[in-house]
Amino acid sequence: MTVVTAPSGYGKTTAVSAWASAHSDRVAWLTLSAFDADPSRLSAGILQALQALARSTAESVSAEAFALDAVSGDSAGALDALHTSLGEAEQPVYLVIDDAHRAAEALTAGLLGALIDVGPQALRLIIVGTSYVELALARWTLTHPRASIRADQLAFDMDEITGLLSGASGEITPQTIFEETQGWPIAVQVFQLAGVRPTSPTGHDDDLMRDYIRDHVLGSLPRDLALFVLRTSICSDLTVELATEITGRADAEALLRNCVGMGLFLDRYATEHGPVYRWHSTFTRHCREILEATHPGERARLHRAAARFYEPREPLTALSHWLRAGDDAAAVASIQGHWVGILVRGESAALERLCMQLPGEYAEDPTILLVRACAQEIAGARDVAQLLLDSAATRAAERADDQVYALNLPRAQLFLVDGRSELAQASASVRAQLRGADSGNVRDHAALLYMLGWSEMRHRRDPERTVQLLSAAAQEAEAIADRVLHRRALSHLAFVLAWTGQLRRAEQVLDTLGDHPDDEGPWNAYAGGGASTAAGLIAYYSDDLPRASYELSRAIRSGSGEQSFAGIARMLFTLAAAASKDPQMCRKAGMELQDLPGHDARGVSWTAFRHVSLAALAEAAGQRDRALSIAARYAETDDLPLVTVILAGIVRRFGDPQTALRMLRRLARYPGVSYIQASTLVTAAIVQRRRENRDLTHSYCEQALEIAVKENVRRPFCEGDLEMRQLLTEHLAWGTRYEDFVASCLRPPDANSPLETLSERERTVFDQLRTTRTMAEIAQSLEVSINTVKTHQRAIYRKLGVTSRREALRVLT
């Protein structure tokens with residue numbers, strides 16, 4: 001890693017760009033913005049930059065880089081993939097992080113922090129920014145003093161200034177420039193461009209620079225070009241379309257090219273979406289001061305034009321421009337119209353900061369307080385969220401007929417309320433809003449559909465509607481190329497499909513998401529981990545307990561909050577551990593239960609989840625009375641399908657299939673859930689077997705198998721009790737269309753396992769692949785190199801006929 005640090009105006013970016021131009025086939029470039037303090041956003045930017053390099057050259061980065069999903073947020077998976085992608089690179093690949101100080105604490109977190117610590121050997125990092133970067137990376141800069149480039153090295157010396165002025169005529173001498181600037185590159189360039197001696201009545205360097213730019217740089221330009229420079233300086237980064245919008249100039253593209261060609265402190269960068277132009281920060285700061293002094297009121301008009309340009313595209317950026325324009329009413333209206341989409345896309349911290357910039361009465365607007373409450377809820381500050389919610393209600397009560405608050409209150413309740421009935425009522429209100437004439441733009445509509453699906457999933461009133469809402473959200477997000485929302489909607493859709501027993505379709509959705517499906521960052525803590533939890537639930541009902549443990553451990557460690565999918569994953573992990581009857585796994589599951597929420601929240605019955613987990617562990621430990629005592633509490637429950645199925649199974653295995661059947665038949669509101677149907681029918685078959693009614697016994701058993709085979713629901717038939725095994729053995733003799741399925745359910749664990757084809761060392765590596773460890777961590781655990789692990793990994797994939805870690809685990813299904 002090389003660290004380039006200096007104050008503004010020292011030509012850091014220019015110097016690194018000049019170097020990079022000579023290595024363009026091996027340099028990936030990422031310039032950070034004010035919003036990149038979020039580690040997940042920064043990680044996505046890094047992957048996108050590397051993918052852009054991979055698309056531009058076939059030599060520097062292997063094709064595996066294309067398979068990385070930039071918005072998945074899986075830093076560990078991305079690190080593994082980059083090790084694989086760059087593992088055999090013959091030449092180094094460079095990643096430049098420009099304006100790195102904008103990352104703040106994220107500079108050493110997430111994927112970038114991992115790359116700094118244990119990145120691929122072939123990857124070289126170049127971190128460019130202000131002095132903050134050197135402080136953030138103090139340990140590195142202290143231990144690698146020759147890997148830092150600082151202001152004193154970037155400043156021009158006399159020889160360099162002399163070289164710049166070679167052949168130029170005028171009154172300024174190199175000695176004069178050096179004495180005035182002390183080699184400060186931007187000042188040297190300004191004086192060189194203007195060609196006259198600087199003077200300042202105040203003697204203040206900042207005043208000197210501003211006046212000099214006004215009188216001798218802009219003053220030497222044609223008036224219309226100088227005005228174009230001043231107007232576009234309100235935006236650090238420009239596209240041709242934005243420049244056209246804020247200046248009204250149809251020839252904006254030609255003018256931008258002229259500025260670059262004249263050396264007017266404007267750089268042009270080629271991107272996948274067209275050219276982007278960027279003003280040097282010191283120059284643009286002075287231009288803004290000049291604009292304000294020479295054209296009062298123009299700055300506000302320009303910021304309003306930029307805000308209108310960004311409003312349908314990037315509402316958070318638009319909001320920043322409304323605030324800079326001093327148009328607080330427009331800023332509030334922008335928040336009121338777009339806040340759901342901004343929060344759902346993981347920008348809660350940025351939105352909270354901008355809300356807090358609102359003055360006086362606008363900051364106390366009831367809807368703004370609602371928005372801030374939701375942002376605090378996502379951040380995990382529930383008490384603060386409740387205070388803001390109460391304050392919003394008080395402010396709204398002081399107003400007469402606040403229609404905007406009335407519109408946004410049920411939307412906020414989707415984030416904030418705990419009670420299932422309250423959540424259902426809020427969902428109904430928002431659905432009614434969406435049926436109205438004005439339901440917002442496409443981006444906001446997709447976000448609302450997603451939030452409705454997330455809410456419906458939690459209060460469990462209508463599973464089919466939940467599937468429809470999340471499917472629609474995913475489709476709309478894909479149509480507008482919103483990959484973040486598209487993945488989040490698919491992640492939750494996969495879980496809902498698995499929860500409703502549509503395991504095959506859920507697997508298809510997971511395949512769409514790929515090998516690194518889950519989020520990270522604030523939204524992950526609030527509602528992340530759905531895809532891994534879905535994969536664990538599928539594996540559990542497919543009776544693939546090792547894979548279930550792997551996927552659920554992954555969900556638990558994903559950073560998802562205790563009251564989100566990580567809590568559900570802990571329950572499912574306990575069920576898988578109990579089913580395995582492995583004492584070590586059961587002890588681990590018991591420890592995980594300590595982090596399960598102690599009370600119902602967000603419409604989720606955490607108390608019931610804790611009870612069913614304890615009952616499963618009690619059964620595994622042979623504690624019959626305790627397990628049945630817990631099950632008895634839920635004998636009359638009709639709205640907890642998964643809990644009821646598990647507890648009914650415990651009751652049946654302890655010798656009371658009739659009571660188990662009554663429990664299952666109370667789930668009448670979930671008629672199409674495959675694992676409920678299969679469990680109910682096979683339990684009915686056991687009841688009839690006890691009554692010696694052979695025809696009904698085998699009729700029920702065959703119906704159960706027909707449903708189970710369609711969705712690969714094996715768990716109800718593989719629970720290991722003698723009565724079930726006797727039923728299935730007799731059913732094979734009776735005659736069935738599903739002989740292979742029944743035989744596999746009766747097969748002892750590990751019989752004919754594909755793992756038998758692996759060597760002992762390959763089995764050891766495969767056991768590590770079942771964990772959530774990265775390749776680097778596996779290598780450290782086995783005390784071998786990463787390349788050795790990768791060699792075994794390739795051999796395992798070849799023998800199992802797979803191409804990825806997830807597929808390797810599925811082979812055991």
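**Salt bridges, sheet and helix packing**

Author: A search of the whole structure finds 45 salt bridges, a salt bridge being a side-chain nitrogen of Lys or Arg within 4 Å of a carboxyl oxygen of Asp or Glu. This is a predicted model, in which local features need pLDDT of at least 70, side-chain atom pairs count only at pLDDT 80 or more, and totals for chains, interfaces and linings use all residues. Residues are numbered from 1 along each chain as its sequence is written, and side-chain values use heavy atoms, with hydrogens and water left out.

Reader: Which residue forms a salt bridge with Arg737?

Author: Arg737 lies in the loop between helix 40 and helix 41 (739-746), and the pair ties together parts that are 31 residues apart in sequence. Helices (H or I, at least four residues) and strands (E, at least two) are DSSP runs, numbered from the N terminus. The closest N and O atoms are 3.9 Å apart, and the partner is Glu706.

Reader: Is Glu719 buried or exposed?

Author: Buried means under 20% relative accessible area, exposed over 50%, and partly exposed in between (1.4 Å probe, protein chains only). The side chain of Glu719 meets that of Arg653 in a salt bridge (2.6 Å, N to O). Arg653, at 21% relative accessibility, counts as partly exposed. Glu719 has 16% relative accessibility and therefore counts as buried.

Reader: What is the order of the strands in the open sheet?

Author: Strands pair if DSSP finds at least two bridges between them. Strand 1 (residues 2-5) and strand 4 (residues 123-129) run parallel and are joined by 4 bridges. The open sheet has 5 strands with parallel pairing, in the order 2-3-4-1-5.

Reader: Which strands stand at the edges?

Author: A strand at the edge has a single partner strand, so one side of each is left without a neighbour in the sheet. This applies to strand 2 (27-31) and strand 5 (148-149).

Reader: Which residues of helix 14 are buried, and why are they on the same side?

Author: Helix 14 spans residues 252-261, and its buried residues are Ala252, Leu255, Leu256 and Cys259. They cover an arc of only 100° around the axis, which puts them on the same side of helix 14; the arc is that of the directions from the helix axis to the C-beta atoms. The residues asked for are Ala252, Leu255, Leu256 and Cys259, and the reason is the arc of only 100°.
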